[in-house]
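User: I would like a close look at a single part of this protein. Take the sheet and what surrounds it, and then follow the side-chain contacts from there.

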Amino acid sequence: MHTAWKALTAHHETIGHLHLRRLFADDPTRGERMTAEAVGLYVDYSKNRITDETLGLLLQLAEESGLRARIDAMFRGERINVTEGRAVLHVALRAPRGTSIVLDGENVVDQVHAVLDRMTEFANRVRSGAWTGHTGKRIRNVVNIGIGGSDLGPVMAYEALKHYSDRAMTFGFVSNVDGTDFAETVLDLDPAETLVIVASKTFTTLETMTNAQSARAWLLEAFAGDVKAVAKHFVAVSTNADEVARFGIDTANMFGFWDWVGGRYSMDSAIGLSTMLAIGPENFRAMLDGFHQMDEHFRTAPFERNLPVLLGLLAVWYNDFFGAQTVAVLPYEQYLRRFPAYLQQLTMESNGKHVTLDGGRVACDTGPIYWGEPGTNGQHSFYQLIHQGTRLIPCDFIAFAQALNPLGRHHDILLANVFAQSEALAFGKTAEQVKAEGTPDWLVPHRVFDGNRPSNTILAERLTPETLGALVALYEHSVFTQGAIWQIDAFDQWGVELGKVLAQRIIPEVASTSAPKLGHDSSTNTLIRRVRTLRARA
């Protein structure tokens with residue numbers, strides 16, 4: 001165990017109950033001092049249950065954990081995903097043209113820009129109307145079929161940057177293997193005006209290919225079974241040319257990516273083709289620039305001023321020393337309504353691990369649960385628990401000084417709410433204050449707010465493609481920091497495999513026309529039989 005970890009354990013026993021009221025009273029400049037700024041993001045971390053000593057010990061923990069060496073290894077293209085023997089180079093996806101990141105003797109940045117150039121050419125053709133469907137109609141609808149990183153990133157980015165999207169086009173996203181997802185997405189669409197993007201690296205992902213085959217059947221039904229139509233209405237984001245061609249997609253319209261890109265880090269690769277179609281190549285490249293600026297900040301800034309490092313260390317502080325099990329991400333920006341869902345995969349698929357890099361059992365808790373909804377909606381649902389519940393829930397508030405849709409007093413009210421919530425969480429309301437308002441004694445306990453609930457506030461000027469890139473990279477590298485502290489592999493995801501394997505075994509048992517011989521546990525066997533019985537009644 002690191003020296004700093006032991007020191008932090010002792011330190012927590014000393015200051016763990018220290019109240020934010022006291023910390024702010026003792027240091028009137030705390031709210032100005034405990035801030036950091038980079039790439040257009042201003043982070044106020046003063047409302048955390050920390051002192052300067054805490055911060056020093058957390059920074060020492062980062063040093064002792066070898067975080068600097070891990071960062072350098074990632075940017076050099078070393079195979080830091082040890083269980084899969086892969087480099088981790090999502091940073092190469094947004095490296096500027098002319099940069100050099102060499103892997104196995106090849107500059108991968110050149111490969112990245114070759115794909116970006118092809119995406120740009122394709123996006124321009126679709127957006128201008130030069131690309132037409134099978135009947136000569138221009139494309140007005142785009143449906144992205146993927147799952148996990150091939151869906152969550154594109155959906156989040158589309159929603160986040162909708163202000164910049166071409167409103168003459170509609171965008172739909174299908175991920176769930178539940179047939180309702182596909183049926184509802186295409187319900188009002190004209191196949192002759194619809195382009196389908198099938199996003200699957202292997203082109204064998206069960207959910208994605210099931211939905212893709214349904215999309216193919218839907219299209220062919222509209223074109224009297226003419227298979228030549230497939231090539232005019234489908235493109236692929238994949239690396240499996242054989243399967244893509246077998247599906248009927250022209251491999252000239254296949255956009256590749258690489259095994260050094262994890263799915264949850266791929267929204268700025270060809271997986272983002274739907275994003276580029278929506279907002280245009282120029283805005284897409286601005287988003288990449290925001291990503292890259294945060295990458296460079298993470299790579300070069302001293303840890304005490306390094307935004308992702310600070311957020312990552314604070315997450316470790318609450319997760320492992322206060323026993324906080326969750327983190328609430330609360331964007332006060334309607335366009336970011338899917339951002340918490342996107343972060344769930346990024347954070348929990350990365351750091352939901354119980355084994356260290358060398359195969360031993362971890363000695364501490366890893367991977368807090370990330371969740372959240374946009375403000376002010378959440379204030380009228382779950383904020384009650386954050387304010388007056390028994391659990392400690394650190395919060396990240398995200399806000400923008402300028403509205404993309406200025407409307408009367410709306411944005412002033414929105415900003416007032418985000419600042420009020422972080423203030424209320426930190427300082428609460430004492431019994432004396434409640435009594436001073438004339439509250440009857442019996443009601444006083446119910447109206448007391450303990451306060452001392454920690455939060456960060458992330459503030460930017462406005463939500464632009466560049467800002468979104470910086471914000472996503474901020475969380476990517478915060479996750480990296482946490483994984484480095486815990487000495488786990490943040491880039492594999494073996495935990496998703498077992499259920500997939502078992503599902504393949506169960507599918508024929510559910511679908512079989514004759515009663516199958518079942519060899520599961522008594523619960524699973526009974527459930528399968530119950531479904532078969534219910535279906536037989538139909």
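Analyst: Two strands count as paired if DSSP finds at least two bridges between them. Note that this is a predicted model. Strands β7 (residues 194–199) and β8 (residues 234–237) meet that rule, with 4 bridges joining them. The two run parallel. One of the contacts can be named: Ala199 has Val237 in β8 as its bridge partner.

Now widen the view. The sheet is open and holds 5 strands, in the order β6-β5-β7-β8-β9. The pairing is parallel. At the edges sit β6 (170–174) and β9 (254–255), and each of these pairs on one side only.

Helices pack on this sheet. Helix α7 (residues 149–160) touches β5 (141–145), β6 and β7. The direction of α7 makes about 150 degrees with that of β6. Helix α9 (residues 206–222) touches β5, β6, β7 and β8. The direction of α9 makes about 160 degrees with that of β7.

Next, the charges over rings. Arg216 lies over the face of Phe247, 5.6 Å from the ring centre. Lys232 lies over the face of Trp131, at 5.3 Å from the ring centre.

Then the salt bridges. The structure holds 21 of them. Start with Asp268, which lies in the loop between β9 and α12 (273–279). Asp268 forms a salt bridge with Arg94, and the closest N and O atoms are 2.7 Å apart. Asp268 counts as buried because its relative accessibility is 1%, against a cut-off of under 20%. Arg94 is buried too, at 3% relative accessibility.

Glu476 lies in helix α20 (residues 465–486), so the pair ties together parts that are 382 residues apart in sequence. Glu476 is buried, with a relative accessible area of 1%. Put together, Arg94, Asp268, Asp295 and Glu476 are linked in a network of salt bridges.

Another of the salt bridges joins the side chains of Arg33 and Asp27, at 2.7 Å from N to O. Arg33 counts as partly exposed, at 39% relative accessibility. Asp27 is buried, with a relative accessible area of 17%.

Last, the aromatic rings. A pair of rings is described by the distance of the centres and the angle of the planes. A search of the whole structure finds 21 aromatic pairs. In one of them, the ring centres of Trp371 and Phe382 are 4.7 Å apart. Their planes stand at 70 degrees, so the pair is edge-to-face. Trp371 lies in strand β11 (residues 369–371), and Phe382 in the loop between β11 and α16 (383–388). The pair therefore ties together parts 11 residues apart in sequence. Trp371 is partly exposed, with a relative accessible area of 21%. Phe382 is buried, at 17%.

Phe382 also pairs with Tyr383. Their ring centres are 5.4 Å apart and their planes are at 40 degrees, so this pair is tilted. Tyr383 is buried, with a relative accessible area of 3%. Elsewhere, Trp5, Trp317, Tyr318, Phe321 and Phe322 form one aromatic cluster.

Technical notes:
Residues are numbered from 1 along each chain as its sequence is written. This is a predicted model: local features need pLDDT of at least 70, side-chain atom pairs count only at pLDDT 80 or more; totals for chains, interfaces and linings use all residues. Side-chain values use heavy atoms; hydrogens and water are left out. Contact means heavy atoms within 4.5 Å. Axes are lines fitted to C-alpha atoms, for helices over the stretch in contact, and angles run from 0 to 180 degrees between N-to-C directions. A salt bridge is a side-chain nitrogen of Lys or Arg within 4 Å of a carboxyl oxygen of Asp or Glu. Buried means under 20% relative accessible area, exposed over 50%, partly exposed in between (1.4 Å probe, protein chains only). Rings of Phe, Tyr and Trp (its six-membered ring) pair if their centres lie within 6.5 Å; planes under 30 degrees apart count as stacked, over 60 as edge-to-face and the rest as tilted. A charge sits over a ring if NZ of Lys or CZ of Arg is within 6 Å of the ring centre and within 35 degrees of the ring normal.
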